[in-house]
Amino acid sequence: MYSASDLRKGLKIELDGQPYEVTEFNFFKPGKGQAMYKCRIKNMITQSTMEKTFREVDKIGEPNLDHRNMHFSYVDGENYVFSDQTTYEEFRIHQQTLGDKRFFLVEDMAVDILFHNGNPIDIQMPFFIEKIITDTEPGVRGDTATNVTKPAKIDNGYELRVPLFINQGDTIRIDTRTGAYVDRVSKG
Amino acid sequence: MPTPLRRLRLRSDCFRAVRAFFYAADFWETDTPVKVAAPALEEHIDAVPADDGFLRTSPELHMKRLLSEGAERIFQLGPCFRRGERGAFHHPEFTLLEWYRAHADYETILADTQALLRQVARALLGGTTLPAATGPVDLGGEWRRLTVADAFRRWAGWDPTANWDADRFDLDLVEKVEPALPRDRPVILMDYPAPAAALARLRPDGRTAERWELYLGGLEIANAYSELTDPDEQRRRFAACAAARAARGKPVYPLDEDFLEALRRGPATAGGIALGLDRFILLCAGAERLADVLPPP
């Protein structure tokens with residue numbers, strides 16, 4: 001159990017059986033009253049945020065979190081299959097849990113899966129991946145007054161916005177944390 | 001916001017203006033020990049241990065002893081220390097300005113506060129509007145007075161002077177009442193519930209204490225009392241604090257017997273106040289965090 005005075009940005013806590021990360025934290029103490037810790041916390045499973053104030057005397061649960069190194073194996077319907085490199089145990093994670101990150105997985109990619117009470121809740125992958133643009137309209141110079149980016153797709157159907165000078169066949173770098181275009185690696 | 005050096009210079013200008021005000025009003029500047037054997041017993045204030053004693057959390061007890069010895073108008077500005085208080089507006093070492101008047105009450109102290117802050121603001125800023133980060137605060141106009149009962153009924157939906165709930169009081173003060181207070185002018189929250197009296201005397205009905213707090217820009221700046229001068233009542237309150245602290249596993253400080261003894265000698269009435277000078281300087285500098293106006297460690 002944590003004491004309220006342990007609270008800090010980045011701390012992982014458990015409330016009502018759900019794991020949360022403290023994203024903001026402010027100390028309040030009315031002159032003669034008890035100390036209060038006003039936090040903004042983010043549910044690590046649903047990603048929703050909320051405000052929560054803890055009193056000095058409050059005790060806060062520690063979530064049972066674990067992470068394991070795995071490699072991505074293959075897609076099986078709506079589930080993505082990962083294998084633990086030491087035990088060869090297989091884990092299936094539903095595409096809903098992975099969100100857009102599922103589009104950035106490549107075969108045999110080494111990832112870090114976060115488990116809460118044995119359930120996978122998040123995945124940490126390499127920050128950048130390279131993908132070929134399979135679909136995009138040619139960008140017309142002079143169009144910059146209204147648009148500086150245009151839609152584009154990669155092989156698995158993921159859509160993102162890219163600068164006008166990117167063409168079909170170009171290889172680009174994507175930031176897996178934001179899902180956004182970073183730069184062009186090579187022309188197609 | 002002024003440059004770091006200019007902010008430190010502002011501290012000096014502030015101390016100078018404060019001293020000028022009090023010397024002109026026939027107060028003398030007391031310096032009482034910073035290292036003490038018996039810090040004031042308060043439920044939620046922890047003292048920093050120092051060798052065989054503690055660093056003071058406030059000069060209050062020593063200054064009130066001077067009142068008992070016949071001092072009539074005294075002030076002090078200096079460092080105070082509180083353990084575990086660190087945040088945007090808290091620092092474990094901070095500067096308190098305290099002043100006391102014998103034969104006075106919290107209304108006299110309020111008049112002092114208005115005159116002092118207006119004068120200091122004029123000296124530092126050339127006017128009485130503070131360029132606080134949350135918006136301008138006009139010290140020159142009318143100061144808004146609200147009782148704790150009214151403020152809580154209005155913004156928290158209950159009356160802590162009728163039904164006391166310590167946890168709910170502290171929480172609602174921080175979550176509901178303080179954020180709702182007007183920011184453009186000084187706000188005086190007055191007549192706290194008896195259980196939150198601290199060292200203030202109670203009104204005859206016993207339900208509220210003659211205590212007020214000043215808020216500027218939504219930030220708590222000062223805490224003033226019609227001082228409790230009855231040594232038996234003071235001893236009872238200290239004992240209750242000691243029991244509450246012990247129950248929560250907090251260190252219980254020795255009773256300041258010299259202080260309790262001094263209360264027997266008088267005066268019958270006194271008014272006093274503790275004002276967070278760093279916070280006032282923060283407002284004058286338009287800073288966002290206390291650390292921005294504190295001397296660098």
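Predicted model: local features only at pLDDT ≥ 70, side-chain atom pairs only at ≥ 80, totals over all residues.
Visitor: Which residues of helix α2 (residues 60-68) of chain B are buried?

Guide: In α2(B), the buried ones are B:E60, B:L61, B:H62, B:M63, B:K64 and B:L67. Residues are numbered from 1 along each chain as its sequence is written, while chains are lettered from A and ligands numbered from 1 in the order in which they are written.

Visitor: What makes α2(B) a helix, and what covers its buried residues?

Guide: Helices are DSSP runs of H or I with at least four residues, strands are runs of E with at least two, and both are numbered from the N terminus. The cover includes β5, β6, α7 (257-263) and β13 of chain B.

Visitor: How do you know whether A:I166 is buried or exposed?

Guide: Count its neighbours: A:I166 has 23 C-beta neighbours inside 10 Å, so it passes as buried. A:I166 sits in the loop between β14 and β15 (171-175) of chain A. Leaving out residues up to four places away in sequence, A:I166 touches A:I133, A:T136, A:A152, A:I172 and A:R184. Touching, or contact, here means C-beta atoms, placed from the backbone, within 7 Å.

Visitor: What makes a group of residues a nonpolar core, and which members of the largest one touch the most others?

Guide: A core is a set of buried Ala, Val, Leu, Ile, Met, Phe, Trp, Tyr and Cys residues joined through C-beta atoms within 7 Å. The largest has 96 residues, and B:L216 and B:L275 touch the most other members. Beyond four places in sequence, B:L216 touches B:L130, B:A132, B:V137, B:P186, B:I221 and B:L283. A second, separate core has 17 residues, among them A:M70, A:F72, A:I166 and A:I174. In soluble globular proteins, nonpolar side chains tend to be buried together.

Visitor: At what angle do α4 and α5 of chain B pack, and why is that called roughly perpendicular?

Guide: Helix α4 (residues 148-155) and helix α5 (residues 166-180) of chain B pack at about 95°, with their axes 10 Å apart. Roughly perpendicular covers 65 to 115 degrees, under 35 is roughly parallel, over 145 roughly antiparallel and the rest oblique. That is why α4(B) is called roughly perpendicular to α5(B). Axes are lines fitted to C-alpha atoms, for helices over the stretch in contact, and angles between N-to-C directions run from 0 to 180 degrees. B:A151, B:F152 and B:W155 of α4(B) make the contact with B:D172, B:K176, B:V177 and B:A180 of α5(B). By class, the contact has 5 nonpolar, no polar and 2 charged residues. Ala, Val, Leu, Ile, Met, Phe, Trp, Tyr, Cys and Pro count as nonpolar, Asp, Glu, Lys and Arg as charged, and the others, Gly among them, as polar.

Visitor: How do you know that β3 and β4 of chain A pair?

Guide: Pairing takes at least two DSSP bridges between two strands. Strand β3 (residues 18-28) and strand β4 (residues 36-43) of chain A run antiparallel and are joined by 8 bridges, so they qualify. A:E24 stands opposite A:R40 in β4(A). β4(A) is also joined to strand β5 (residues 49-55) of chain A, again antiparallel, by 7 bridges. Their hairpin has 5 residues between the strands, and there A:Q47 takes a positive phi near 70°.

Visitor: Which element of chain A gives the most to the side that touches chain B?

Guide: In total, 14 residues of chain A are in contact with 20 residues of chain B. β3(A) gives the most to that side of chain A, with 3 residues.

Notes
Contact = placed C-beta atoms within 7 Å. Buried ≥ 20, exposed ≤ 12 C-beta atoms within 10 Å, placed from the backbone.
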